[in-house]
Amino acid sequence: MNRLFVVNKPIFRSSNGYMGYVKRKYNTKKVGFSGTLDPFATGCLIVATGQYPKLFQYLKKTPKAYSATLWLGANSQSLDIENIDSVKIIPPLTINDIYQALESLRGEISYYPPKFSAKKINGKRAYDLARAGEDVKLKKITSTIYDIHLVNYNHPFVHFEAVVSEGTYIRSLGAIIADKLGVDATLSSLRRDYEGAFSFEDEKSLDPLKYLKIPKNNYSGDEEYMALGKKLSLDYFETKEDGVYWVDRERYFSIIEIVEGEVKYRLNRVEKYIEVDTPPHK
């Protein structure tokens, strides 16, 4: 069964590991997720079953919003509470210093991802190398911080919210804030509030056609050509400019790409969303 929905990932469960629970709950073997959440993080995680995981790259998933807590004085190699190795008592900071540290991150920033991350180095996950005690050298990445602001400061905890581009590491933002404040610090909590158009609403089924970030194109040719995956002529498309589009059919939809006058399939015959009243398996 094709199904697109959002789960509320619990704390101390890996995103991949949580899929085992989702498979059992919805009695399905094919399940995928988009946008890995760290085990200590909670919140919005986009999940799809059947054919729908193939749609992830075409969905409106950015910007992403997070609520986080930075624990001043705590130190962790993974930049979160899973690997804390020391805690120092530090004097309270001024609200103005914290505010300035947060405000300085607005805009485009370049930084190193956490060593304990899913980034690959020569085919191996960075977190596997880090746990094995090996040297981890990652390349800088660039993210856009659309908004970041202080919610509350209750020493030694700094609570803040951030709206960021896809692929941003909030743990790294916490480390940058700590450096600007001149103290050790690590994230003690992290929640993803939403991803683009997606937020948690009791795992209700979502119509993927309402969440596609690519435009629709109208096709007036023989439907059988598309049903059989035959070569399509540009003459039968309303929009003829180069680009990626979705095309609506009665029982399914397809994603095509127009390149220099040629029509190519990206995905063909994706079955349409159907509302299912049967409750999931518990």
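Trainee: What makes β13 and strand β14 (residues 252-259) a pair?

Mentor: Six bridges join β13 to β14, and the two run antiparallel. Two strands pair if DSSP finds at least two bridges between them. Six bridges meet that. Strands here are DSSP runs of E, at least two residues; helices are runs of H or I, at least four, and both are numbered from the N terminus.

Trainee: What is the model's origin, and how are residues numbered?

Mentor: The model is predicted: local features need pLDDT of at least 70, side-chain atom pairs count only at pLDDT 80 or more, and totals for chains, interfaces and linings use all residues. Numbering starts from 1 along each chain as its sequence is written, and side-chain values use heavy atoms, without hydrogens and water.

Trainee: Why do β13 (243-248) and β15 (262-271) stand at the edges?

Mentor: The open sheet has the order β13-β14-β15, with antiparallel pairing. β13 and β15 each have a single partner strand, so one side of each is left without a neighbour in the sheet.

Trainee: Why is strand β1 (residues 3-9) called largely enclosed?

Mentor: Buried means under 20% relative accessible area, exposed over 50%, partly exposed in between (1.4 Å probe, protein chains only). Six of the seven β1 residues are buried, so the rest of the structure largely encloses β1. β1 also pairs with strand β3 (residues 42-49), antiparallel, over seven bridges. There, F5 has V47 as its bridge partner in β3.
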